[in-house]
Amino acid sequence: MALNRDPHVLVVCGSDSSGGAGIARDIETISSIGLRSCVAVTAVTVQTHQSVTAIHHMQPGLVADQMRAALRANKVSAIKIGMLSTGRIIAAVAAVLHENPRIPAVLDPVLASSSGRQLLEPGVIGVMKRDLMPFCHLVTPNLVELAVLTGSDLASDDDDALRQGRRLLADGPRALLIKGGHAEGPRSTDILLSPDREPIRFDMPRLAGSMRGTGCMLASAIAAHLAGAKPLEDCVREGKRLVFEKLLRCVEREFAPGA
């Protein structure tokens with residue numbers, strides 16, 4: 001099979017039948033930045049925008065085989081990882097990352113759906129931290145995910161979030177983006193942490209509306225910009241701008257006269 005030389009982002013995550021998150025949202029986001037995607041499906045979900053009614057996990061070997069086939073077929077310049085479901089799938093994905101250490105990987109540590117349905121098996125947080133995160137260029141937890149990953153209460157302020165972030169950073173990811181969407185106040189601030197520099201804050205006005213899949217969008221946008229070999233700080237800034245503009249258009253439609 002001839003290698004496709006167009007830069008691709010390999011998307012490793014679950015499907016969402018509603019299209020609000022998961023593979024559909026990732027491909028849409030990456031395409032809007034001008035790159036192509038290839039995929040490895042980790043789970044098939046049955047869901048609407050309100051609830052998840054069924055989850056069917058892929059076999060770990062099948063997930064790894066999809067990833068390796070995508071890597072053989074295409075010039076994969078970045079990898080975006082979302083829903084992983086089980087400890088064995090986490091280990092399978094980590095094995096493929098270990099084989100391809102030069103390709104930057106962005107992990108969105110999806111633990112639950114927007115409706116609250118758990119998407120990760122109980123008891124496998126340690127596997128994610130030990131086996132997968134050390135191979136990731138960036139991990140992008142929100143405040144709820146950060147608390148779960150560090151066994152902490154929800155961060156009460158930026159200083160608390162930074163303390164938790166530094167604990168998680170010690171588990172091996174090269175960098176951490178703490179997303180502030182679950183905080184309160186008029187501004188939404190994300191914090192980029194890495195071992196060798198001071199924290200970098202990315203600040204935007206907090207919008208009144210909400211939209212599913214913003215975490216998928218942000219991680220996918222960052223991965224797409226990393227595929228262009230941009231500095232991580234620039235990739236995060238561009239990714240946050242894309243999500244803000246998308247959410248702003250959603251809010252404007254929601255509150256438009258006659259809507």
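Helices (H or I, at least four residues) and strands (E, at least two) are DSSP runs, numbered from the N terminus. Both Asp190 and Lys240 are buried, where buried means under 20% relative accessible area, exposed over 50%, and partly exposed in between (1.4 Å probe, protein chains only).

Residues are numbered from 1 along each chain as its sequence is written. Since the model is predicted, local features need pLDDT of at least 70 and side-chain atom pairs count only at pLDDT 80 or more, while totals for chains, interfaces and linings use all residues; side-chain values use heavy atoms, with hydrogens and water left out.

Side chains of opposite charge can pair when their charged atoms come close. The structure holds 15 salt bridges. One of them joins Asp26 to Lys80, with the closest N and O atoms 3.0 Å apart. Here too, distant parts of the chain are linked: Asp26 sits in helix H1 (residues 22-32) and Lys80 in strand E4 (residues 74-81), 54 residues apart. Asp26 and Lys80 are both buried.

Asp171 and Lys129 also meet through their side chains in a salt bridge (3.6 Å, N to O). Asp171 lies in the loop between H6 and strand E7 (176-178) and Lys129 in helix H4 (residues 125-132), so this pair ties together parts that are 42 residues apart in sequence. With a relative accessible area of 31%, Asp171 is partly exposed. Elsewhere, a network of salt bridges links Arg197, Glu233, Asp234 and Arg237.

Now for the helix pair. H5 and H6 pack at an angle of about 50°, and their axes are 10 Å apart. That makes H5 oblique to H6, as angles under 35 degrees count as roughly parallel, over 145 as roughly antiparallel, 65 to 115 as roughly perpendicular and the rest as oblique. Axes are lines fitted to C-alpha atoms, for helices over the stretch in contact, and angles run from 0 to 180 degrees between N-to-C directions.

Leu154 is found in the loop between helix H5 (143-150) and helix H6 (158-169). At 47% relative accessibility, Leu154 counts as partly exposed.

Definitions and conventions
A salt bridge is a side-chain nitrogen of Lys or Arg within 4 Å of a carboxyl oxygen of Asp or Glu.
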